[in-house]
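Subject: Handing over the structure, with notes

Dear colleague,

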Amino acid sequence: MLVDNGYEIINNFISHDFSDYLNFQVMNRFKKGEVESHRNDKRTNHSYSLARKKFLDDLSLYATDRIKHQLGVSDLFPYYNYVRIYENGSFLEPHHDAHYLQYSLSINVCDMIYPLFVKNKLVWDELILKKGDAALLRGNKTLHKRNTLVCKEGEYMTSIVLFFTEKKLEKTEQFGIEQ
């Protein structure tokens with residue numbers, strides 16, 4: 001439970017069909033070269049990203065309503081959407097999200113399982129997310145990471161991460177949901 005350990009797994013957060021659609025959208029942009037490469041990044045290596053994409057705005061709004069009730073908060077605002085495409089050799093260093101991003105929702109939208117690890121007191125809990133499953137984290141307070149991915153060349157794992165705040169923050173050109 002989120003209150004006790006800083007995270008909660010939500011099975012079947014979105015359907016497999018919707019996951020396939022989102023993964024298609026992401027991989028189509030990947031094939032067109034519309035992604036940012038993270039080849040020698042200190043936090044994540046051998047990965048690619050897309051940020052602030054309009055096609056994810058509706059997902060952010062849907063998720064806001066759904067997790068607001070789950071969290072038991074009266075106000076929750078989508079702030080930022082982000083896609084990470086992992087390949088063989090990818091990793092994600094242990095980190096906290098930015099202090100103002102209270103909650104993050106990581107959704108697996110592909111068939112590959114690439115565990116997310118969350119620090120729970122003294123141990124790392126391994127979160128197994130199947131296609132359509134999501135992990136809801138107190139991202140700014142819960143240390144999280146991914147170990148090095150081992151898979152075949154040309155195989156990719158796609159994760160969509162949505163960020164939320166309990167108070168409405170001033171939007172900038174770089175961040176936020178277009179409403």
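This is a predicted model: local features need pLDDT of at least 70, side-chain atom pairs count only at pLDDT 80 or more; totals for chains, interfaces and linings use all residues.

Residues are numbered from 1 along each chain as its sequence is written, and side-chain values use heavy atoms, with hydrogens and water left out.

Helices (H or I, at least four residues) and strands (E, at least two) are DSSP runs, numbered from the N terminus. Two strands are said to pair if DSSP finds at least two bridges between them. A residue is called buried when its relative accessible area is under 20%, exposed when it is over 50%, and partly exposed in between, using a 1.4 Å probe and protein chains only.

Strand β3 covers residues 44–51, and seven of its eight residues are buried, so the strand is largely enclosed by the rest of the structure. Strand β2 (residues 36–38) is joined to β3 by three bridges in an antiparallel arrangement, and Ser 37 has Tyr 48 of β3 as its bridge partner. Seven bridges, again antiparallel, link β3 to strand β4 (residues 77–95), where Phe 91 is the bridge partner of Asn 45.

In β5 (103–108), six of the six residues are buried, so this strand too is largely enclosed by the rest of the structure. In a regular strand the side chains alternate between the two faces of the sheet. Both faces of β5 are covered, with Tyr 103, Leu 105 and Ile 107 buried on one side and Ser 104, Ser 106 and Asn 108 buried on the other. Six bridges connect β5 to β10 in antiparallel fashion, including one in which Tyr 103 is partnered by Phe 164. Four bridges connect β5 to β8, also antiparallel, and there Ile 107 has Ala 134 as its bridge partner.

**The largest pocket**

A pocket is found on a 1 Å grid over the protein atoms alone, as an open set of points where a 1.4 Å probe fits, with protein on both sides within 12 Å along at least five of seven lines; lining residues have an atom within 4 Å of a point. The largest pocket holds about 610 Å³ of space, a volume being the space filled by probe spheres set on the points, which are joined across faces, edges and corners. Its lining consists of 36 residues, and Arg 43, Tyr 80, Tyr 82, Arg 84 and Phe 163 lie nearest the centre. Strand β4 gives the most to this lining, with seven residues, and among the other strands that supply at least two residues each are β8 (134–137) and β10 (157–165).

Contact here means heavy atoms within 4.5 Å. Val 83 is found in β4 and, at 0% relative accessibility, counts as buried. Leaving out residues up to four places away in sequence, Val 83 touches Val 26, Tyr 48, Ser 49, Leu 50, Leu 56, Thr 158, Ser 159 and Ile 160.

Glu 93 also belongs to β4, but at 34% relative accessibility it counts as partly exposed. With the residues up to four places away in sequence not counted, Glu 93 touches Lys 42, Arg 43, His 144 and Lys 145.

His 144 sits in strand β9 (residues 144–146) and is buried, at 5% relative accessibility. Its side chain makes a polar contact of 3.3 Å with the side chain of Asp 97, the term standing for a pair of N or O atoms within 3.5 Å where, within protein, one must be able to donate a hydrogen and the other to accept it, and residues adjacent in sequence count only if both atoms are side-chain atoms. A polar atom of the His 144 side chain also lies 2.7 Å from the backbone oxygen of Thr 142.

**Two loop residues**

Asn 12, in the loop between β1 (7–10) and α2 (16–31), has a positive phi of about 55° although it is not a glycine, and it is exposed at 52% relative accessibility. Lys 121, in the loop between β6 (116–120) and β7 (123–127), likewise has a positive phi, near 60°, and is exposed with a relative accessible area of 71%.

With best wishes
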